Amino acid sequence: RDLRTWRSDPTDPMSVRTVLAALLTGRLPESEYQIVPAADDPDNIGKRTVVMLWQDAVSRFEQIGHDHLKVTVTLWILTGREDPERAEQALEDGLDAVIEALRTLDWVSWEQADRLSFGDPPKYHGYKLTLTALGQIGG
């Protein structure tokens, strides 16, 4: 599959979420990052930065044709580091790495990364990005 484009294909079960997870897994070093391709509440985030993503919405995008989709994906960059300076550095490095990985995808856009806490109750420091991906139905 060419990761520069996204097209749904009944013979290939990869969704926008799984394509993005595969791309991030291939571009971010495993020694530093853990990719979680689902909404989850990680029990214990160690020294690796966690990149968690899931699809929030899928809608038809008729402005460019009846066979196009707009997919909204939530992506979190999380750290379990408690030292404030180390937490900030891990998050800034993670944000830079994710932005660089997404930069080459002309079918994915994002506007803002918000510095928030993740969990209920909040347990982890993180950045939240909302991605918009455009795709085409069919092969």
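Colleague: What counts as a helix or a strand here, and how many of each does the chain have?

Modeller: Helices are DSSP runs of H or I with at least four residues, and strands are E runs of at least two. In this predicted model, the chain has two helices and five strands. Along the sequence they follow the pattern α-β-β-β-α-β-β.

Colleague: How are the strands arranged in the sheet?

Modeller: The five strands form an open sheet in the order β1-β2-β3-β5-β4, and the pairing is mixed. From one strand to the next, the twist averages 20 degrees.

Colleague: What makes β1 and β4 edge strands?

Modeller: Strands β1 (33–36) and β4 (108–118) each pair on one side only.

Colleague: How do you know that β2 and β3 pair?

Modeller: Pairing requires at least two bridges between the strands. Strand β2 (residues 49–60) and strand β3 (residues 68–79) are joined over ten bridges, in the antiparallel sense.

Colleague: Which strands do the helices touch or lie across?

Modeller: Helix α1 (residues 16–27) packs on the sheet and touches β1, β2, β3, β4 and β5 (124–136). Its direction makes about 155 degrees with that of β2. Helix α2 (residues 84–103) lies across β1, β2, β3, β4 and β5, and runs at about 155 degrees to β3.

Colleague: Why is the pair of Trp-76 and Phe-118 called edge-to-face?

Modeller: A search of the whole structure finds one aromatic pair. The ring centres of Trp-76 and Phe-118 are 5.0 Å apart, and rings pair if their centres lie within 6.5 Å. Their planes stand at 65 degrees, while planes over 60 degrees apart count as edge-to-face. The pair is therefore edge-to-face.

Colleague: Which parts of the chain does this pair link?

Modeller: Trp-76 belongs to strand β3 and Phe-118 to strand β4; the two are 42 residues apart, so the pair links distant parts of the chain.

Colleague: Why are Trp-76 and Phe-118 called buried?

Modeller: Buried means under 20% relative accessible area. Trp-76 has a relative accessibility of 6% and therefore counts as buried. Phe-118 has a relative accessible area of 11%, so this residue is buried as well. Of the 139 residues of the chain, 38% count as buried.

Colleague: What makes a group of residues a nonpolar core, and which residues have the most contacts inside the largest one?

Modeller: Such a core is a set of buried residues of the nonpolar kinds, among them Leu, Val and Ile, joined through side-chain atoms within 4.5 Å. The largest has 28 residues, and Leu-20, Leu-24 and Leu-75 have the most contacts inside it. Two or more residues come from each of α1, β1, β2, β3, α2 and β5. Helix α1 gives the largest share, six residues.

Colleague: What does Leu-20 touch?

Modeller: Leaving aside residues up to four places away in sequence, Leu-20 touches Leu-53, Val-73, Leu-102, Leu-105, Trp-107, Val-108 and Leu-131. A second, separate core has nine residues, including Ile-45, Met-52, Trp-54 and Phe-118.

Colleague: What kind of peptide bond runs from Asp-120 to Pro-121, cis or trans?

Modeller: That bond is cis, with omega near 5 degrees. Pro-121 is placed in the loop between β4 and β5. In general, most peptide bonds are trans.

Methods:
Residues numbered from 1 in each chain as written. Predicted model: local features only at pLDDT ≥ 70, side-chain atom pairs only at ≥ 80, totals over all residues. Heavy atoms only, no water. Buried < 20%, exposed > 50% of the residue type's maximum accessible area, 1.4 Å probe, protein only. Axes fitted to C-alpha atoms, helices over the stretch in contact; angles between N-to-C directions. Contact = heavy atoms within 4.5 Å. Phe/Tyr/Trp six-rings, centres within 6.5 Å; stacked < 30°, edge-to-face > 60°.
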